[in-house]
Amino acid sequence: MLILALALSPAIGFAECPAPPDVRSEMLNLIARSQAAQTYNDGRRASAEMWEVWLRAPDEAAQEVLDAGLRRRDSYDFAGALAEFDRLAEYCPDYAEGFNQRAYIHFLQEDYEAALVDLDIALDLQPLHIAAQSGRALTLMNLGRIDEARAQLTEAVENNPWLSEAALLAEGAPLGPKGRDI
């Protein structure tokens with residue numbers, strides 16, 4: 001009975017997750033749109049479309065697990081969300097968003113070392129994942145690795161100037177420019 005339940009459970013059965021599609025050109029277009037945006041609304045629209053790309057799972061089973069994890073996360077069931085994202089990462093080890101979402105749960109639980117591991121995996125899989133870049137910067141900041149955090153967030157903001165985290169790079173902000181001599 002247990003074997004049957006496992007075989008029928010999405011993302012745990014005997015099926016293999018298909019390779020995620022190559023979204024590089026789509027992301028480059030969205031990055032160009034965000035960089036060229038002249039208004040807040042246009043910039044935020046490009047940012048939202050980036051999320052649509054990242055949240056597009058490789059198959060229906062992966063999408064169901066991702067969506068279940070997001071629902072659990074949004075209802076503050078972090079243990080349940082973590083279990084779903086663990087399942088997703090196991091089923092689709094080449095899909096960056098499973099690792100990015102799992103990193104976010106680790107971050108919320110203040111397990112910054114675990115978050116950093118997952119963010120590094122996500123960025124190895126999808127170097128243009130700007131949310132993972134930003135999340136990595138925030139994680140590094142919380143680990144006290146300020147210079148690395150500043151460099152990572154600068155890269156993220158260059159890719160998408162409309163990130164709210166950009167405020168952390170302002171003068172006087174936690175990742176802002178180093179002090180000047182008088």
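This passage describes the salt bridges of the structure and the surroundings of some of their residues. The model is predicted, and local features are therefore taken only at pLDDT of at least 70 and side-chain atom pairs only at pLDDT 80 or more, whereas totals for chains, interfaces and linings use all residues. Residues are numbered from 1 along each chain as its sequence is written, and side-chain values use heavy atoms, with hydrogens and water left out.

The structure holds 13 salt bridges, a salt bridge being a side-chain nitrogen of Lys or Arg within 4 Å of a carboxyl oxygen of Asp or Glu. One of them joins the side chains of Glu 26 and Arg 56, with an N to O distance of 3.0 Å. Because Glu 26 belongs to helix 2 (residues 24–36) and Arg 56 to the loop between helix 3 (40–54) and helix 4 (60–74), this pair ties together parts that are 30 residues apart in sequence. Helices are DSSP runs of H or I with at least four residues, numbered from the N terminus. Glu 26 is partly exposed at 31% relative accessibility, and Arg 56 is likewise partly exposed at 37%, where buried means under 20% relative accessible area, exposed over 50%, and partly exposed in between (1.4 Å probe, protein chains only).

A further salt bridge is formed by Asp 147 and Lys 178, whose closest N and O atoms are 3.5 Å apart. This pair links distant parts of the chain, with Asp 147 in helix 9 (residues 146–159) and Lys 178 in the segment after helix 9, 31 residues apart. Asp 147 is partly exposed, at 46%, while Lys 178 is exposed, at 55%.

Technical notes
Helix = DSSP H or I, 4+ residues; strand = E, 2+ residues; numbered from the N terminus.
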